[in-house]
Amino acid sequence: MLKYLVKRIFWMVPLLIGISLISFFIMHLAPGDITTSEASFNPKASEESRQKLRELYSLDKPVIVQYGLWVKRMATLDFGTSFASHQRPVFWQTKDKDGNVTLGMIQEALPITLLINVLSLALIISVALPLGVVSALNQNQLTDRSITLFVFIGFAIPGFWLALMLMYWTGVQHAWLPISGLQSIGHENMNWLAQTTDTLKHLVLPVFISGITGLAGISLFVRNGMLEVLHQDYITTARSKGLSENRVIYGHALRNALLPLITIFGLSIPGLIGGSVIAESIFAIPGMGKLFYDAVLMRDFPVIMGILTIGAVLTLIGNLLADVAYAWADPRVRRGVVQ
Amino acid sequence: MMQIKHNQYQLIKLALSKLVFIALFTPLMITACSDSSSSNQINNKIDYTKSYPPSNGGTLIDAMTGEPSGLIAMIAGESAASAIAGNIFNSLLRYDKNLELTGELVDTWDVSKDQKTITFHLKPNLKWADNQPLTSDDVLFTWQKVTDEKTRTPYGSDFKLVMKAEAPDANTFRVTYAAPYAPALDTWAGLHILPKHLLKDQDINTTAFARNPVGSHYYKLEKWKNGQFLKLTRNENATQGQAKIDNLLSRIIPDKAAQFLELSADNIDSMGLNPIQYARIFPARPDLNKNIALYKELGNSYTYLGFNLKRKPFDDVRVRQAINYAINKQEIIDGVLLGLGEPVASPYKPGTRWSNPELKPYPYDPNKAKALLKAAGYEDHDGDGILDKDGKPFTFEILTNQNKEREMTGVLIQRRLNDIGIKANIRVLEWASFLGRFIKPKEFDVVVLGWSLSLDPDQYSIWHSSQQAPGQFNFISYSNPRVDKLLEAGRLELNPDKRMKIYHEFSKILLEDSPIVFLSAGYGLTAIHKRVRGISNPAPPAGIGHNTYEWYIPSAYARNEMSEH
């Protein structure tokens with residue numbers, strides 16, 4: 001097992017280099033750079049000044065040289081500074097000689113996105129799990145059909161539309177919830193309880209919106225896994241030895257039906273750091289999705305590469321964790337791994 | 001046995017479906033009960049039509065779609081940065097409400113006889129927000145920074161024309177140009193003066209000052225929450241007197257629809273509207289009109305159709321004029337801008353001194369267009385409905401970037417051209433490839449784009465024949481010796497009246513020559529809550545924002561700061 005782990009971790013290094021190389025070149029295949037945005041098409045900004053900027057950012061050098069410079073910085077875990085955001089550090093905060101701390105862009109955006117995604121994942125699980133089980137237990141009956149219909153409506157409904165409708169209903173018509181943003185204006189003057197409530201209230205809609213679209217996948221997974229397991233011989237055995245139906249379903253069937261979910265959650269780890277551009281724009285949440293989208297529009301290469309690299313690392317770790325967790329949970333896989 | 005099993009199923013089912021219901025709707029219900037004091041319900045009861053005398057205090061909340069990258073405008077460059085930084089920093093000069101230059105940090109300025117030297121006389125006893133004196137030394141320092149090779153600014157070239165800059169005493173700043181440079185005054189109206197005492201040992205490209213600035217204008221930065229808001233508060237040392245509103249709070253809300261909802265719920269006071277919101281939604285919502293006032297002002301840019309003059313048949317002035325006559329500009333204004341725009345006949349704001357009042361846009365006249373095309377040799381010889389010359393049909397491509405208004409404009413033009421027998425195809429591209437693959441190598445027939453209605457009349461970089469290299473702005477390759485001469489003369493003439501004549505003449509030739517078709521200039525549309533008073537309506541040429549320091553919020557209408565969302 002240990003040998004397997006070491007091997008897997010060792011293989012992550014060439015994989016990462018490959019991923020970064022491909023991302024770097026694809027990024028540079030897109031036309032334009034930081035000096036060619038629409039806003040800079042301004043007669044007051046001369047072509048010479050733009051050329052000067054290109055030189056200052058090393059954008060005039062061949063792509064392979066630029067990649068070399070990037071790898072050199074990455075070797076010391078230096079993600080660099082943003083082109084577009086006044087040299088803010090891409091990843092983590094820096095301190096200048098006067099003690100002024102400048103927060104990193106990912107450092108600020110990541111916790112917000114992570115919080116929303118973890119909450120919405122929790123929402124998805126807590127709703128999808130019972131939905132899936134109920135569906136499976138009532139296969140092809142009205143309950144099953146209506147649950148399936150419900151989750152597919154949630155899946156198919158355009159998120160931005162639902163978001164705007166809910167914002168209008170809960171924010172404008174009734175003032176139950178704040179409409180957008182992450183905190184109220186007077187947030188810093190509140191006590192901690194009011195602050196927490198305030199933040200939670202701001203999170204209700206974004207979490208709900210990102211949760212509802214993810215409901216369909218997980219609940220159907222649970223439903224189908226459950227159905228498959230319920231037809232297994234060991235369930236018949238369990239029933240025939242007189243176990244109560246609760247024990248059969250929750251003690252034997254559900255546990256086995258949940259196995260494939262481990263893989264799904266492992267694979268959703270990188271998804272946790274990728275925010276949704278549309279939801280973040282509509283709700284005015286400064287998260288990772290908006291950060292990445294703006295960086296792509298501005299051709300802010302250090303930020304794009306920073307996010308892609310962190311995403312790649314997390315994907316690889318997620319894969320590894322999923323495999324390990326699977327092996328831990330499923331003895332069949334574990335034996336296969338050892339061999 | 002079977003019966004029991006079934007009952008248990010039913011129970012589980014019931015329990016689970018309850019669980020589902022609770023999980024789904026609890027958050028909504030909890031918050032529904034907890035917040036009984038709905039802000040908009042309270043505000044709906046307030047009568048916002050009473051008049052109050054000007055008073056101090058209050059907070060104005062507005063919304064921006066983008067966040068500034070920093071507040072040193074020469075480096076940040078984007079409009080969000082200039083909007084905020086413009087409340088924090090002063091320039092030497094400013095534009096008044098009629099868009100005439102006037103002093104901001106300076107009392108007066110003199111231009112030497114040979115028009116090469118400009119001497120600025122600073123107002124006495126100017127101070128920075130941190131109580132340090134603001135002197136000509138700071139101005140000199142700012143000039144040194146903007147012209148420094150190491151400074152990452154795209155705006156340095158105008159200031160590099162200054163041969164010598166000096167600060168002979170604390171209140172005098174003098175610049176000498178190698179040759180008279182008339183746009184100089186405009187450039188000094190756009191350069192925010194930075195404090196030397198805080199920046200002299202800093203790298204201006206990376207300094208923390210950009211996020212924690214000290215300026216001299218009406219407001220100073222109090223708080224900046226990344227991605228959320230910037231809060232400005234009144235600067236007690238302001239060089240231009242005291243503004244009436246205590247705090248300006250700009251929330252960052254990227255989505256216009258979300259901004260609109262915040263405005264409807266009275267969580268923000270002001271936002272920029274699009275034509276649909278202004279002309280369709282507001283008239284249909286009397287409840288909104290009760291609390292919110294709408295303002296329109298001429299915007300800062302115009303849309304045009306530009307010909308690639310290096311390509312046939314656009315080198316023929318008759319063809320260009322024919323297309324100009326064939327396009328119905330009012331139709332574009334009505335269809336695309338929902339009537340919220342004006343036709344223009346020159347690249348200057350109507351109503352300002354640079355705009356030649358005698359010039360009128362080409363009227364919509366398809367017959368004249370056909371006659372001109374006939375004179376240029378275009379007739380429908382083969383009877384297929386498309387004009388042709390030498391056996392080749394008159395067909396070309398209209399190129400534009402991803403911009404809804406420009407795409408719609410292209411479609412309307414396409415139809416009008418089709419009416420007179422010209423077949424035009426439309427191609428829409430993402431900006432960077434539009435610029436890199438088509439504009440720079442001049443691989444286009446016709447473009448639909450926009451230029452700004454600049455405050456200084458100098459448009460050398462757009463129209464002078466020397467500005468045609470790849471990446472320069474005369475990408476339509478316009479070349480007219482008379483225009484070249486006028487543009488050169490206009491740069492050398494600092495006397496506004498003489499300069500005006502030069503640019504009136506230039507606009508006249510430009511209209512006749514028709515290297516571009518002036519299509520429309522859209523209005524800037526703003527919604528502001530009626531609690532904010534002192535706004536000029538109708539807007540002067542400089543727009544409603546020219547006197548924000550005189551805006552006020554009567555204390556009876558001020559928000560309760562703690563209950564704000």
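Predicted model: local features only at pLDDT ≥ 70, side-chain atom pairs only at ≥ 80, totals over all residues.
Two residues are in contact if their C-beta atoms, placed from the backbone, lie within 7 Å. By that criterion, among contacts in chain A between residues at least 6 apart in sequence, 66% join residues at least 24 apart. For chain B the corresponding share is 68%.

**Overall composition**

- Chain A contains 14 helices and 2 strands, and its C-alpha trace spans about 85 × 60 × 40 Å along its principal axes.
- Of the 339 residues in chain A, 35% are buried.
- Chain B contains 19 helices and 20 strands, and its C-alpha trace spans about 95 × 80 × 50 Å along its principal axes.
- Of the 565 residues in chain B, 44% are buried.

**Contact between the chains**

- Chain B contributes 66 residues to the contact, and chain A contributes 65 residues.
- On the side of chain B that touches chain A, the elements giving two or more residues are α1 (2-34), α2 (39-44), α3 (73-76), β10 (247-252), α9 (256-264), α16 (431-439) and α17 (460-463) of chain B.
- Helix α1(B) supplies the largest share of that side, 14 residues.
- By class, that side of chain B comprises 29 nonpolar, 26 polar and 11 charged residues.

**Nonpolar core**

- In soluble globular proteins, nonpolar side chains tend to be buried together.
- The largest nonpolar core has 210 residues, of which B:Leu71, B:Ile72 and B:Tyr304 touch the most other members.
- The largest share of this core, 16 residues, is provided by α4(A).
- Leaving aside residues up to four places away in sequence, B:Leu71 touches B:Ala76, B:Ala81, B:Ile84, B:Ala85, B:Ile88, B:Ala210, B:Pro213 and B:Leu221.

**Helices of chain A**

- Helix α13(A), residues 301-329, has 29 residues and reaches 41 Å from its first C-alpha to its last, close to the 42 Å expected at 1.5 Å a residue.
- The buried residues of α13(A) are A:Phe301, A:Pro302, A:Val303, A:Ile304, A:Met305, A:Gly306, A:Ile307, A:Thr309 and A:Leu316.
- Among the elements that cover these buried residues are α1 (2-29), α3 (63-75), α4 (105-137) and α12 (288-298) of chain A.
- Helix α8(A), residues 233-240, is hardly covered, with a count of 0 buried residues among its 8 residues.
- A:Asn246 lies in helix α9 (residues 245-257) of chain A.
- A residue counts as exposed if 12 or fewer other C-beta atoms lie within 10 Å of its own; A:Asn246 has 11 and is therefore exposed.
- Between A:Asn246 and A:Gly287 the separation is 41 residues in sequence and 43 Å in space, C-alpha to C-alpha.

**Four-stranded sheet of chain B**

- An open sheet of 4 strands has the order β4-β5-β7-β6 in chain B, with antiparallel pairing.
- Strands β4 (106-111) and β6 (162-169) of chain B stand at the edges with a single partner strand each, so one side of each has no neighbour in the sheet.
- Neighbouring strands of this sheet are turned by 15 degrees against each other on average, direction ignored.
- Strand β6(B) pairs with β7(B), residues 172-177, in the antiparallel sense over 5 bridges, and B:Lys164 stands opposite B:Thr176 in β7(B).
- Helix α5(B), residues 136-147, packs on the sheet and touches β5 (117-122), β6 and β7 of chain B; the direction of this helix makes about 160 degrees with that of β6(B).

- Strands of a sheet pair through backbone hydrogen bonds, either parallel or antiparallel.
- Strand β19(B), residues 446-452, is mostly covered, with 6 of its 7 residues buried.
- Strand β13(B), residues 301-307, is joined to β19(B) by 7 bridges and runs antiparallel to that strand; B:Thr303 stands opposite B:Gly450 in β19(B).
- Strand β17(B), residues 395-401, is joined to β19(B) by 3 bridges in a parallel arrangement; B:Ile398 stands opposite B:Val446 in β19(B).

How values were computed
Residues numbered from 1 in each chain as written. Chains lettered and ligands numbered in written order. Expected span 1.5 Å × (residues − 1). Buried ≥ 20, exposed ≤ 12 C-beta atoms within 10 Å, placed from the backbone. Nonpolar A, V, L, I, M, F, W, Y, C, P; charged D, E, K, R; others polar. Pairing = 2+ DSSP bridges. Axes fitted to C-alpha atoms, helices over the stretch in contact; angles between N-to-C directions. Core = buried A, V, L, I, M, F, W, Y, C linked by C-beta atoms within 7 Å.
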